[in-house]
Amino acid sequence: MVDVEVVGSGPNGLAAAVVMARAGLSVRVHETAATIGGGSRSVELMEQDHLHDFCSAVHPMALASPFFRAFELSRRIGFAVPDVSFAHPLDGGRAGVAYRSMERTVAGLGVDGEAYRRLVQPLSDREQAILGVALHHVVRIPKHPVAALRFAGAVLDQGLPAWNRRFRTDEAKALVTGVMAHPVGTLPSLTGAGAGLVLNLLAHTVGWPIPVGGSQAIADVLALDVRDHGGEIVTGSRIESLAEVSDARVVLLDVAPKNFQAMARGRLTAAYEAALAAFTYGNAACKVDFILSGPVPWTHPELHRAGTAHLGGTREEIAAGEKEVNQGRHPASPYVLLSQPSSFDPTRAPEGRHTLWTYCHVPRGSTRDMAEAITAQIERFAPGFRDVVVRSHTTTASGLEAYNANYVGGDFSSGAVNLRQILARPVPSLQPWATPLKGVYLCSQSTPPGPGVHGMAGLNAAGLALRREFGLPVPYLGLEGMPPREPLLPLT
Ligand SMILES: Cc1cc2nc3c(=O)[nH]c(=O)nc-3n(C[C@H](O)[C@H](O)[C@H](O)COP(=O)(O)OP(=O)(O)OC[C@H]3O[C@@H](n4cnc5c(N)ncnc54)[C@H](O)[C@@H]3O)c2cc1C
């Protein structure tokens with residue numbers, strides 16, 4: 001018998017386990033898959049020595065989130081931080097480029113440079129205060145009202161139909177749109193602007209880092225810490241019913257509400273069931289991984305220096321593609337997220353070879369292979385791309401759900417990211433991690449603050465459980481006397 005059972009070893013489940021184990025409690029983590037990590041897992045998908053991030057790949061929040069800062073993640077694993085955080089190619093060899101340096105970004109954006117600075121610089125200057133708003137439950141009085149107001153002003157600026165007022169050039173409009181399109185949904189939207197501006201501000205503070213050895217390194221170092229504090233992790237252990245873990249005083253569930261309902265088997269109150277019935281799942285992703293015989297032959301030279309690129313053309317084209325997804329269609333010219341990890345981390349592919357990570361948005365439940373549409377979109381900005389493709393591997397939206405039951409219909413956010421579900425994730429409550437069942441808490445991305453590898457849902461749920469069930473404070477997570485962080489990899 002253990003004090004705490006954690007179901008699911010995604011970044012939030014492992015963060016919760018770290019908090020509980022460091023509080024001196026006995027902890028066991030169950031993971032249905034053969035390996036740990038959930039959305040932070042790296043695999044040799046196609047060929048030996050070619051490492052692909054199955055889900056998450058780029059980790060600004062892993063460097064900036066309060067949980068990972070307290071955990072001192074950046075001292076425990078290596079991160080390569082490209083000096084181009086993200087770039088957005090356009091037809092005619094043009095591109096918007098978000099350098100880590102604000103000055104270079106402003107200079108590159110020409111007549112829109114100062115307008116970009118006025119939008120993003122005040123947010124970057126208040127990084128931790130804004131993360132304090134965005135990475136907690138928004139239903140509370142903000143600790144930093146000035147930062148919260150600044151952030152709200154920027155969200156209104158880019159999240160409403162008048163979003164074109166600020167910028168004159170395609171480059172600036174597309175650059176900001178590419179990052180606001182990360183959560184699936186129509187554009188402009190307040191939620192897209194909110195999520196996008198958080199990522200955008202981080203581009204100029206911690207940057208958009210790529211973990212050395214893949215996103216798996218994040219899961220592995222969390223698991224190491226759980227074990228170092230006496231915890232146990234059992235893989236190949238699918239929990240079908242809460243009865244299987246009912247001996248523990250606390251159960252932390254890194255699962256989607258739909259799966260929680262199945263596990264609870266009618267034990268939830270009617271009111272809670274009704275609130276969960278209103279929780280909706282969003283549209284989905286089709287993921288395509290590539291092995292390349294050389295780098296992507298980008299037309300615009302700065303794309304080679306970008307860890308991440310957003311493809312799909314102008315602001316208007318991207319908004320049109322996202323609207324099609326929202327209407328249940330597969331856009332012929334989709335918005336594509338792309339990362340080129342092997343350009344910055346030599347552990348990802350043998351010398352001369354490259355791995356490429358891409359996905360596009362598709363309707364929930366889609367079974368369509370979008371490899372050709374994604375390939376054509378890359379070829380548009382990198383003629384000759386097809387010639388360097390050695391192999392590709394597609395995971396359709398329904399394949400994503402088969403990979404991880406939390407991605408309902410391929411919804412990689414485990415719940416639509418819309419205004420209602422920013423406030424009620426998964427139910428309207430000041431403590432939405434708690435459930436009506438004594439000692440049972442949700443800690444997945446279906447709870448605040450929502451998607452991303454930040455560990456904050458795990459920290460929030462575990463902190464609440466520690467206080468309510470054990471009367472304990474959240475333990476100090478940092479480590480004394482750690483050796484200095486390994487130097488970041490030299491950039492190519
Ligand atoms: C294609 C894709 C790209 C992404 N890119 C990024 C990115 O670049 N950066 C970023 O920050 N985020 C990214 N994300 C989002 C990120 O991966 C998620 O937000 C994050 O992994 C959520 O963590 P979690 O712990 O809540 O759940 P998950 O990562 O979903 O982990 C849940 C775990 O629980 C296990 N589980 C579920 N049910 C059971 C059960 N009954 N019994 C036992 N085990 C169970 C699952 O197998 C899984 O391992 C991406 C996601 C996808 C799909």
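Visitor: What is the relative accessible area of Asp-49?
Guide: This is a predicted model, in which local features need pLDDT of at least 70 and side-chain atom pairs count only at pLDDT 80 or more, whereas totals for chains, interfaces and linings use all residues. Residues are numbered from 1 along each chain as its sequence is written, and side-chain values rest on heavy atoms, with hydrogens and water left out. Buried means under 20% relative accessible area, exposed means over 50%, and partly exposed lies in between, using a 1.4 Å probe and protein chains only. Asp-49 counts as partly exposed, because its relative accessible area is 47%.

Visitor: Between which strands is the loop that holds Asp-49?
Guide: Asp-49 is not a glycine, although it has a positive phi of about 70°. Helices (H or I, at least four residues) and strands (E, at least two) are DSSP runs, numbered from the N terminus. The loop that holds Asp-49 lies between β3 (42-43) and β4 (52-53).

Visitor: Is Arg-265 buried or exposed?
Guide: Arg-265, which is not a glycine, has a positive phi of about 45°, and its place is in the loop between α12 and α13. Because its relative accessibility is 56%, Arg-265 counts as exposed.

Visitor: How wide is the arc that the buried residues of α13 cover around the axis?
Guide: In helix α13 (residues 270-277), the buried residues are Tyr-272, Ala-275 and Leu-276. They lie on the same side of α13, because the arc they cover around the axis, taken from the directions from the helix axis to the C-beta atoms, is only 100°.

Visitor: Which elements do the buried residues of α13 pack against?
Guide: The face turned away from the buried side of α13 carries the exposed residues Ala-270, Ala-271 and Ala-277. The buried residues, by contact (heavy atoms within 4.5 Å), pack against α12 (257-264) and β16 (440-442).

Visitor: How far apart do the C-alpha centres of domain 1 and domain 2 lie?
Guide: The domain assignment, whose bounds come from an automatic or database source, gives domain 1 as 4-43 + 214-278 + 413-470 and domain 2 as 61-67 + 75-209 + 283-403. Across these two parts, 32 residues of domain 1 are in contact with 20 residues of domain 2. The distance between their C-alpha centres is 27 Å.

Visitor: Which residue is joined to Pro-448 by a cis peptide bond?
Guide: The peptide bond in question has an omega of about 10°.
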